[in-house]
Amino acid sequence: MFDTLAPYIPALAQGFLLTLFYFALGTVGSMVLGLPVALALGSPSAIVRFPAVAFVEFFRNTPLLVQLFWLHFALPALTGFNTTAQQTGGIALVIVMTAYMAEVYRTGFNSVARGQHEAALALGLNPRQRWRLVVIPQALAMTMPAIGNTLVSLLKATAILSILAVPELMRTTSRISDYTADPILFYSVAALIYIGTGLALAGGLHRLEVRLNRWRHR
Amino acid sequence: MFDYQIVISAFPALLQGLLTTVLVTAAAFVLATCLGSVLGAVSLSPRRALSRSAMGFLHVTRATPEMIAIFWAYYCLPILLGANLSGLTCGVLALGLIGGGYMAEIVRGGILAVDRGQWEAARSLAIPRPVIWFRVIAPQAVKKMLPAVVNYFTDLLKATTLLAGIGVGEVAYVAYLNGSASFRYLEPLTGVAILFFLLIFPLSVMARRLNASGSGH
C-alpha cells in the first residue's frame, strides 16, 4: 500500500499546499473585507445599508458551486474578460466568505450591549476609540465560535474549487485516483488529510476562544 | 444581451434537474434526521463509551468536506460493497452521513436546552421514562431545534449541487450542461442562481423569525 502511495506524496503535498493557500486567502480576505461590509449592514442610511444587505443575502443564499460556474462561465459573456480557474476560485471564495463573515461580525456588534456604547460615550471616547477599545474586542470574543465555524466551512469549501479543475488537494487526488485506478487508497488518504486538518483547525480555534474569554474576564 | 428565449427552451430540462435536486435533498434530509436523532440522544448517554463514540462521529463529520465524502462514496463504496450503486445513491449516502453529524449536534443542543426541572418534575410524578422522553422532553426540544434545523436544510439544499462533481443531473449540473452545449452559459446559470435564491432566501428568513420569536430559547 505504501509502495503505491509513495511516488504520489509530492503531488499530494503540492495539492495540499494549494488548499492551504486558498484557505489563507479566504481567511485574510474575508476577515478584512467583512468588516466594512458589516459596518455598512448596520448603517442608519438606507443607501449604504441596502447594497450591503443585498450582497450578503445573495451570496449566503445561493450555492458556492453555482457562484463558481456563474463567475467562470457566465460573467465573461457580460464583461468580455476571462479569468483562469485559479483566479475565479480565489475571487469566489473571498467574495462568499466575506458575505458570511460580515454577517458574523454584525451579529457580534449587535450582541455588545447598548450600555457599553453609552458608557464609552460618557467617558468622552471618540467614535474610533469607541469601536477600537470597547466594541470590537468584546464583539470578537463573543463571535469567536461563529468565526471558527466559518473558517472550518471555508476549509471544506476549498475542495469545491476542484469542480473548475483547480489543482488543489481534491482535484489532485481525483487525477491520481483515475491514473492509478486505486480510488480507495487515494480518496481515503485525502479524506484523512482533510479531516485531520479540519479537526486541528477546530481544536486550535477552540483553544484560542478559551484564552480570549479568560483574558476578557481577567 | 440576456436572451430569455434560451431560459424558456431550457425550462423542461431545468425542471427535471430541479426534481432530482428535491429528491436528493429529501432523501438526505430523512437519512440525516434519523441518524442525527439517534446519535444526538446517544451522545448524552451516561455510558462513557457510547457518548464518546457519538461525539467522535459528530466531530469527524463536521470536519469532513462534503466534496471528498461524495467522491469517496462514489468511487469506493461500489468496490467495498461489491454492488452497483448509482451516483445519486452514493451522493445521498454521503450527504446523509455528514448531515447526521450536524443533526446530532442540533438534537443534542435541543435536549440540553430543555430545563432540567422538567425532567425532575416528570420523574417525581412517576411518569415512565419513555413517556417522559416522548411527551415531555421531545416536544420542547424540537421547538428549540427548529431554527437550526431550517438552517441545516438550507445548507443541505446548497450542498446537493456538489453532486454535479460525480455527474448527477441535479439542477446546477443541468444548467451547466445546457450552457456548454450552446456556449450560452449566461442565461441558464443566471436562471439557476435566481432559482436557488428564491428557494433558500425565504427559508433563511423563516429561520431568523423562529429564532427571534423565542423558539430558540
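**Entry 1: Elements of chain A**

Helices and strands are DSSP runs, a helix needing at least four residues and a strand at least two, and they are numbered from the N terminus. With that rule in hand, I read the order of elements in chain A, which runs α-α-α-α-α-α-α-α-α from the N terminus on. I noted nine helices and zero strands for chain A. I also recorded that this is a predicted model.

**Entry 2: Extent and burial of chain A**

I looked up the extent of the C-alpha trace of chain A and found about 70 × 50 × 20 Å along its principal axes. Chain A has 218 residues, and 47% of them count as buried. For the surface, I noted that chain A exposes about 11000 Å², with carbon and sulfur atoms supplying 67% of that area.

I then turned to contacts between residues of chain A at least 6 apart in sequence. Of these contacts, 75% join residues at least 24 apart.

**Entry 3: Charges of chain A**

I found 15 positive and 8 negative side chains in chain A. The centres of the two sets lie 17 Å apart.

**Entry 4: Chain A against chain B**

How many residues of chain A are in contact with chain B? I found 34 residues of chain A in contact with 36 residues of chain B. Between them the two chains bury about 3300 Å², and 77% of this lies on carbon and sulfur atoms.

I next looked for salt bridges across this interface, and the rule finds one. A:E57 forms a salt bridge with B:R208, and their closest N and O atoms are 3.1 Å apart.

**Entry 5: A:T88**

I located A:T88 in helix α5 of chain A, which covers residues 85–111. Is A:T88 buried or exposed? Its relative accessibility is 2%, so A:T88 counts as buried, the cut-off for buried being under 20%. Leaving out residues up to four places away in sequence, I listed what A:T88 touches: A:L68, A:L71, A:H72, A:T83 and A:L164.

**Entry 6: B:V136**

B:V136 counts as buried because its relative accessibility is 18%, and the limit is under 20%. With residues up to four places away in sequence not counted, B:V136 touches B:Q118, B:A122 and B:V131.

B:V136 and B:A122 are 14 residues apart along the chain, and their C-alpha atoms are separated by 7.7 Å.

How values were computed:
Residues numbered from 1 in each chain as written. Chains lettered and ligands numbered in written order. Predicted model: local features only at pLDDT ≥ 70, side-chain atom pairs only at ≥ 80, totals over all residues. Heavy atoms only, no water. Buried < 20%, exposed > 50% of the residue type's maximum accessible area, 1.4 Å probe, protein only. Contact = heavy atoms within 4.5 Å. Areas by Shrake-Rupley, 256 points an atom, 1.4 Å probe, with all protein chains shown as cover. Lys, Arg positive; Asp, Glu negative; His and termini not counted. Charge placed at Lys NZ, Arg CZ, Asp CG, Glu CD. Buried area = accessible area lost by both parts, 1.4 Å probe. Salt bridge = Lys/Arg side-chain N within 4 Å of Asp/Glu carboxyl O.
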